[in-house]
Amino acid sequence: MQFDVAIVGGGLAGLSLACALRDTRLRIALIENHAPTRPAGWDARVYAISPANADFLRKIGAWKHLDAGRIAPIHAMQVHGDAGARLDFSAYETGVDELGWILESSLMACELWENVKRQGNLTLLCPAAPQALDLRADAAVLTLADGRTLSARLLVGADGRDSWVRGAAGLSAHNTPYGEMGVVANFACARPHRGIARQWFRRDGVLAWLPLSGDRISIVWSAPDALAAELLALPADELCRRVAAAGGDELGALELLTPAAAFPLRLMRVPRTVAPRLALVGDAAHGIHPLSGHGINLGYQDAKALAELLAAAPAWQDIGDERLLRRYQRARREETVLMQTATHTLRRMFREDLPGLGPLRNFGMNLTNRLPVVKNLLVRYALGAI
Ligand SMILES: Cc1cc2nc3c(=O)[nH]c(=O)nc-3n(C[C@H](O)[C@H](O)[C@H](O)COP(=O)(O)OP(=O)(O)OC[C@H]3O[C@@H](n4cnc5c(N)ncnc54)[C@H](O)[C@@H]3O)c2cc1C
């Protein structure tokens with residue numbers, strides 16, 4: 001089987017890249033272990049999607065069919081320090097309708113999956129997994145576990161943080177485990193959240209309450225391993241009390257909708273995200289602390305940048321040429337490093353016990369809250385507007 005682009009991994013990054021290449025002359029293969037499914041009730045894995053990425057999803061045709069009743073707009077954000085400091089952002093003050101949207105991961109994945117199933121220039125290989133990779137001068141040759149082989153001018157690793165493609169190509173990844181887990185769960189709340197995303201920088205981690213449609217919230221508590229294990233082991237009513245109290249009971253009593261789950265957190269830097277005949281996108285190319293909610297937002301922007309580069313390449317151009325692919329690497333480097341550094345530094349500032357750091361970080365938050373220009377810049381950056 002011969003293709004122009006073979007994408008390993010049909011998570012959100014790989015699927016959105018495939019969709020973004022729909023109107024090109026490229027023949028695409030998508031190799032995925034298993035098709036996405038929708039859990040009964042609410043998915044505990046939800047993402048804050050920036051307006052820039054909502055635009056991307058609109059352009060590739062994956063936004064308009066999403067169930068509008070499951071998309072929650074963010075009208076404002078409140079960020080609390082550990083000593084009473086607070087930063088407020090609002091869509092109204094920023095001059096936009098929404099700061100972003102909260103969506104379930106599987107909602108987006110299933111919609112993107114339906115799109116690629118109908119895509120004329122795409123062959124979906126699922127269930128399938130790669131077993132061997134031969135990066136030749138003229139093609140990447142992939143042998144699948146079921147014995148089939150395929151060759152492509154460009155192989156894309158979109159296979160997540162433990163990327164098989166990255167390893168098989170010999171690209172290094174530097175991991176810094178945070179010693180924390182992201183504990184996620186959904187709750188019904190007694191009082192309306194009014195479209196406000198809330199975040200607390202606490203001594204025992206960072207807690208985010210994200211608005212879901214109706215009187216529901218989804219939480220991500222980036223907690224040290226021991227606390228995460230404790231939270232996971234709590235009976236439902238006790239977990240509700242702990243989470244409500246950690247958020248100052250702002251939304252009244254909570255009721256658990258989906259059992260808590262946890263994901264280990266780590267910073268992952270990948271110095272080279274391209275090689276001859278190869279490019280990495282999404283979590284295969286970077287790992288970031290979830291406190292800024294930027295993980296898949298970076299992944300979507302990777303997919304967008306790579307798709308634009310490939311779509312613009314003239315027919316005579318070899319799309320697996322590393323000199324061309326380095327343009328993609330350069331285009332994505334700045335934002336990725338900036339977000340990794342900012343989230344890493346913020347997290348350290350609130351976890352470390354250096355004398356004077358507590359008052360300083362809270363003073364910094366209060367000061368920023370009183371500087372409309374700085375606040376506006378921060379929020380416009382998060383919206384993808386600068
Ligand atoms: C607790 C937590 C909260 C988060 N919150 C947010 C948030 O609010 N906002 C945000 O933007 N991001 C958030 N993230 C990050 C986000 O989850 C990831 O960035 C995103 O899922 C990465 O998507 P991906 O497609 O790159 O990789 P993945 O989702 O890992 O997808 C990889 C795909 O490749 C497939 N695959 C893997 N190996 C193979 C193989 N060998 N053969 C075939 N197929 C394979 C897998 O089946 C999977 O479908 C959060 C992460 C955590 C841990």
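Apart from its neighbours within four places in sequence, arginine 27 is in contact (heavy atoms within 4.5 Å) with Gln2, Phe3, Asp4, Val5 and Asn121. The structure is a predicted model, in which local features need pLDDT of at least 70 and side-chain atom pairs count only at pLDDT 80 or more, while totals for chains, interfaces and linings use all residues. Residues are numbered from 1 along each chain as its sequence is written, and side-chain values use heavy atoms, with hydrogens and water left out.

Arginine 27 sits in the loop between helix 1 and strand 2 (28-31), where helices (H or I, at least four residues) and strands (E, at least two) are DSSP runs numbered from the N terminus. Arginine 27 counts as partly exposed because its relative accessibility is 42%, given that buried means under 20% relative accessible area, exposed over 50% and partly exposed in between (1.4 Å probe, protein chains only).

The ligand is surrounded by 33 residues, the closest being Glu32, Arg45, Tyr47, Asp283 and Ile296; a residue is counted here if one of its heavy atoms lies within 4 Å of the molecule. By class, this shell divides into 17 nonpolar, twelve polar and four charged residues, with Ala, Val, Leu, Ile, Met, Phe, Trp, Tyr, Cys and Pro taken as nonpolar, Asp, Glu, Lys and Arg as charged, and the others, Gly among them, as polar. Elements that each supply at least two residues of the shell include helix 1 (12-20), strand 12 (174-189) and helix 8 (295-312).

| Residue | Protein atom | Ligand atom | Distance |
|---|---|---|---|
| Leucine 12 | backbone N or O | oxygen | 3.2 Å |
| Asparagine 33 | polar backbone atom | nitrogen | 3.3 Å |
| Arginine 45 | polar side-chain atom | oxygen | 2.7 Å |

Notes
A polar contact is a pair of N or O atoms within 3.5 Å; within protein, one must be able to donate a hydrogen and the other to accept it, and residues adjacent in sequence count only if both atoms are side-chain atoms.
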